Amino acid sequence: GYLPDELVLLFFRRGEVVNAVSLRSDARAVIPIAEALRRIRAEPERGELSFGRAPFEQLAWMFAACAGPAKARFIDERQPDRFFEAFLAEAFDGVVEFISNGRVNYFRFIGGKYADGYCCDRPEGMPVPAYVATLFAPGADRLPPSIAASEIPALEEIPQQALPAQVK
């Protein structure tokens, strides 16, 4: 649900809502499903609903980025060519959420080597290293991109919230 001050994501499994998160400019958090639905219903005119599909692994990483704990990761914006080298040098194992000017990407590393991931709007056929280089490129305004990166838990599953009847 695209709302005036936040994005509310509802995660479905086999047609049933299993969890919800809120993304705001100041925070991300897991929220009760009932609260997510209340927020969406409260904005019938200014909000917008959209249904999207993604590979389950990507959805689990999106959830993990909101549920935390995420560990901020320094990325040297002046040395984009060292992006992959830094992970290789420390033999990093894990998932990194990498955001550049609002484009959210997820990269999994095993032993410091890029294993796989999900890239926002990567042109078909473009190698991942070439795509990553575009994330560091100045925009049309010639300003450097706003970049943020964090290490997130590599969840295998999205936890299911208890139903409201169970909570009562």
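A disulfide is a pair of cysteine sulfur atoms within 2.5 Å. The views below are of a predicted model.

**View 1. The cysteines at positions 119 and 120 are not joined.** The structure holds 0 disulfides. The sulfur of cysteine 119 lies 8.9 Å from the closest cysteine sulfur, which belongs to cysteine 120, and this is too far for a bond. Likewise, cysteine 120 is in no disulfide, its nearest cysteine sulfur being that of cysteine 119. Cysteine 119 is partly exposed, with a relative accessible area of 22%. Cysteine 120 is also partly exposed, and its relative accessible area is 22%.

**View 2. Five strands make up an open sheet.** The order of the 5 strands is β4-β8-β5-β6-β7, and their pairing is antiparallel. At the edges stand β4 (71-72) and β7, each with a single partner strand, so one side of each has no neighbour in the sheet. Within the sheet, β5 and β6 pair in the antiparallel sense over 7 bridges. Valine 96 is placed opposite phenylalanine 107 in β6.

**View 3. Helices α2 and α4 lie across strands of the sheet.** Helix α2 (residues 56-67) lies across β5, β6, β7 and β8, and runs at about 95° to β7. Helix α4 lies across β5, β6, β7 and β8, and runs at about 135° to β6.

**View 4. Helix α4 has buried residues along one face.** In α4 (residues 128-135), the residues Val128, Tyr131, Val132 and Leu135 are buried. Seen down the axis of α4, these buried residues fall within an arc of 100°, so they line one face of the helix. They pack against the helix α3 (83-89) and against the strands β5 (94-100), β6 (103-110), β7 (113-118) and β8 (147-152).

**View 5. Phe83, Phe98 and Phe107 have the most contacts inside the largest nonpolar core.** This core has 15 residues. At least two of its residues come from each of α3, β5, β6, α4 and β8. The largest share, 4 residues, is supplied by α4. Leaving out residues up to four places away in sequence, phenylalanine 98 touches Ile75, Phe83, Arg103, Val104, Asn105, Phe107, Leu135, Phe136, Ile147, Ala148 and Ala149.

**View 6. Another nonpolar core lies apart from the largest one.** This other core is made of 8 residues, among them Phe11, Val18, Cys66 and Ile158.

Terms used. Residues numbered from 1 in each chain as written. Predicted model: local features only at pLDDT ≥ 70, side-chain atom pairs only at ≥ 80, totals over all residues. Heavy atoms only, no water. Buried < 20%, exposed > 50% of the residue type's maximum accessible area, 1.4 Å probe, protein only. Arc of directions from axis to C-beta. Contact = heavy atoms within 4.5 Å. Pairing = 2+ DSSP bridges. Axes fitted to C-alpha atoms, helices over the stretch in contact; angles between N-to-C directions. Core = buried A, V, L, I, M, F, W, Y, C linked by side-chain atoms within 4.5 Å.
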